[in-house]
Amino acid sequence: MSPAVAPEPSAPFGSWVGGQITPHAHCLLQGNPGPMTLDGTNTWVLLAPGGTEAIVIDPGEDEPAHQQRVVDHVAEQGARVSRIVLTHGHHDHSEGAPRLARLTGAPVQAVGSGHDDLADGDVLRAGDLEVRVVTTPGHTADSISFALPADHALLTGDTVLGRGTTVVAHPDGELAAYLDSLERIRDLTGQGDVTSILPGHGPTVPDAAAMVDFYRVHRRERLDQVRQALADGARDAGEVVARVYADVDRSVWPAATMSVRAQMVYLEA
């Protein structure tokens with residue numbers, strides 16, 4: 001499983017079930033819950049009321065029943081899937097894209113990985129609906145978000161989650177880029193362009209500004225803890241994790257190790 005969630009205490013699974021979240025965004029929750037996916041992967045269907053074209057964000061893992069559920073939901077609205085886009089390439093978000101593309105005939109778009117690349121500021125249209133690409137690297141190098149101006153919402157993939165915090169997936173992920181992405185999202189919330197977050201895992205975030213501030217504080221605190229562990233004699237990422245995450249279940253230590261390595265690289269710069 002490609003990691004998304006940092007090893008932080010979180011609420012029990014099951015409280016989030018998806019559904020129609022905003023006038024233009026419906027979440028179909030995939031049944032793949034776990035320590036790294038929370039309640040499961042959020043597959044987002046963006047469709048204007050009465051519209052006939054839908055954008056699907058993150059089809060999830062390759063699971064025939066889930067991708068068929070996406071097709072059926074869109075058809076029930078009297079629409080068709082006109083494009084499939086990915087927030088990033090981790091398989092719990094992207095693996096189902098080829099199947100959904102075969103079922104719908106819609107193109108798959110992402111940043112890199114052989115896709116029709118999306119660039120910062122690109123506007124994706126589905127009928128009257130407009131979605132703007134916001135590049136937010138850091139969790140991975142190819143991470144992007146999607147602004148939904150009609151709902152003042154930002155679909156963040158794994159950059160900001162609905163619960164807990166995200167992994168900076170070293171070596172592809174990079175902490176300096178991630179911190180810059182948090183500042184970019186903070187600017188969007190400060191301008192009022194974004195008031196809520198529709199994440200790749202976990203429940204929606206009604207107060208985007210507060211969540212981004214929490215993430216920024218968390219990153220500073222974690223950096224301080226890593227810096228102190230190194231000063232106290234930790235020789236590598238594994239020893240840092242053993243000190244900083246001593247009270248966390250060891251099943252998530254591999255994910256913690258990636259984030260710690262990213263932080264060590266950042267501190268060495």
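**Figure 1. The loop holding Pro171 in the predicted model.** Pro171 sits in the loop that runs between β11 (153-157) and α4 (175-190). The peptide bond joining His170 and Pro171 is cis, with omega about 10°. Most peptide bonds are trans, and most residues other than glycine have a negative phi.

**Figure 2. Leu38 in the loop between β2 and β3.** The loop lies between β2 (25-29) and β3 (42-46). Leu38 is not a glycine, yet its phi is positive, at about 55°. The relative accessible area of Leu38 is 1%, so this residue counts as buried, the cut-off being under 20%.

**Figure 3. Asp58 in the loop between β4 and α1.** This loop links β4 (53-57) to α1 (64-76). Asp58, a residue other than glycine, has a positive phi near 65°. With a relative accessibility of 1%, Asp58 is buried.

**Figure 4. The largest nonpolar core, with Leu46 and Phe146.** The core has 22 residues, and Leu46 and Phe146 have the most contacts inside it. Two or more residues each come from β2, β3, β4, β8 (123-126), β9 (129-135), β10 (144-148) and β11. A second, separate core has 20 residues, including Leu161, Val168, Leu182 and Leu188. In soluble globular proteins, nonpolar side chains tend to be buried together.

**Figure 5. Surroundings of Leu46.** Neighbours within four places in sequence are left aside here. Leu46 is in contact with His24 and Ala25, with Glu53, Ala54, Ile55 and Ile57, and with Leu129, Val131, Leu148 and Leu155.

**Figure 6. The whole protein, as context for the close-up views.** The protein has seven helices and 12 strands. Its C-alpha trace spans about 60 × 40 × 35 Å along the principal axes. The radius of gyration is 18 Å, which agrees with the value near 18 Å for a compact globule of 269 residues. Buried residues account for 55% of the 269. Of the contacts between residues at least 6 apart in sequence, 64% join residues at least 24 apart. The accessible surface comes to about 10,900 Å², and carbon and sulfur atoms hold 50% of that surface. There are 19 positive and 36 negative side chains, with the centres of the two sets 3 Å apart.

Conventions. Residues numbered from 1 in each chain as written. Predicted model: local features only at pLDDT ≥ 70, side-chain atom pairs only at ≥ 80, totals over all residues. Heavy atoms only, no water. Helix = DSSP H or I, 4+ residues; strand = E, 2+ residues; numbered from the N terminus. Rg over C-alpha atoms; globule rule 2.2 N^0.38 Å. Buried < 20%, exposed > 50% of the residue type's maximum accessible area, 1.4 Å probe, protein only. Contact = heavy atoms within 4.5 Å. Areas by Shrake-Rupley, 256 points an atom, 1.4 Å probe, with all protein chains shown as cover. Lys, Arg positive; Asp, Glu negative; His and termini not counted. Charge placed at Lys NZ, Arg CZ, Asp CG, Glu CD. Core = buried A, V, L, I, M, F, W, Y, C linked by side-chain atoms within 4.5 Å.
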